[in-house]
Structure formats: C-alpha cells, structure tokens
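Please look over the following model before reading the notes.

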Amino acid sequence: MRSREVIRALALQLDVEREAARLDELEMLHTGGNAIAGAGELLRHLPPQHWAIVTSASERVAHHRLRCADLPLPAVLVGAEAVVNGKPDPEPYLLGAERLGVSPARCLVFEDAPAGIESALRAGCTVVQVEGDAPLNPAVVAVIRDWREVKVALGEGESLLVTLPA
C-alpha cells in the first residue's frame, strides 16, 4: 500500500504529503540491496515493451531501489504518484496495462503482498505470488520462491510464453 494510505489510516493529524515525502527520503537513505534471485537475468531477457513495474513506492524510490539492486529500469513504471487510488484498488494495474497497450486480461502480474494481489485481481489480471508457502488468495495461479523458477520465451506475434512451477 502507498505510504499516504497508511499515514491516513494511522495518523489523521499529520500532514500526509509532508510525511510521505519524509518517508521517501528515509527509504532512499536506508533501503537498497539485493534483488530476489533470478530477477536481473529474467528482466534483462524480456523485451522492454512487454513488462512494467506497478509499485506503491514513489517513482523516485522505485528507481533508487532498482539501481541499488542492479536491475534494469522499465520503460513503464507506475508509481504511487501516478494514481489517485493505490492498491488494493485496481487503478494501478489498470494504468499499467493501459501504458503497456494491452488488456489487463492479457497481463500476468507477479505480486508479493495481499493488497497488490487484490489490486491485480480486481483489475482482471492473472496473478502469480512471489514468495510464501501458500497462496494469499485462492485466485493466485502459482507461488514462486524466486525468479529462477520462471521461464520466458518469445511466442508468435511477439507474445510471451511463460512457464511456471507446477
């Protein structure tokens, strides 16, 4: 969920925009690090027009995290400031699909949080859960431990063929 929603839910007395900006600064100072195993290799082999990042982080924080993890920057990034309603609302994933120029029904979303899973499902996307022992939602089609379990090949008409663990 976006920091704005969390601040509104927990501390109505605070200036939401000022505190969200402050949290962004703190995240920039204290986050970074390694990507989930296999993420870099997978993303570097995907055609840029076929993938996007939809995140509850600000675009600035998202770019920082990607650079720290040595991951490629996407052509399409939907950050917290791009939407009126954050996850679990479907708006972030609807915007991501629109910016990619595809129907949400043709999007395969990889998510690790309940709010993100709900957002993607409500948008009409198919969802794979990243990490965990069991699906957080019965509509999740698969759970992966890390990105090494995902195989992608180019199909006909520039479609992607994705193979997931059984």
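In what sense do β4 and β5 pair, and over how many bridges? The two strands pair in the parallel sense, over 3 bridges. This is a predicted model, in which local features need pLDDT of at least 70 and side-chain atom pairs pLDDT 80 or more, while totals for chains, interfaces and linings use all residues. Residues are numbered from 1 along each chain as its sequence is written, and side-chain values use heavy atoms, with hydrogens and water left out.

**Strands**
- Helices (H or I, at least four residues) and strands (E, at least two) are DSSP runs numbered from the N terminus, and two strands pair if DSSP finds at least two bridges between them.
- β3 and β4 pair in the parallel sense over 4 bridges, and F110 has V128 in β4 as its bridge partner.
- On the β5 side, V130 stands opposite I144.
- Strand β4 (residues 126-130) has 4 of its 5 residues buried (under 20% relative accessible area; exposed is over 50%, partly exposed in between; 1.4 Å probe, protein chains only).

**Aromatic pair**
- The whole structure has 1 aromatic pair (ring centres of Phe, Tyr or Trp, the last by its six-membered ring, within 6.5 Å; planes under 30 degrees apart are stacked, over 60 edge-to-face, the rest tilted).
- F110 and W147 form this tilted pair, at 4.8 Å centre to centre and 55 degrees between the planes.
- F110 is partly exposed because its relative accessibility is 24%, whereas W147, at 16%, is buried.

**Cysteines**
- The search finds 0 disulfides (cysteine sulfur atoms within 2.5 Å).
- For C107, the nearest cysteine sulfur is that of C125, 4.8 Å away.
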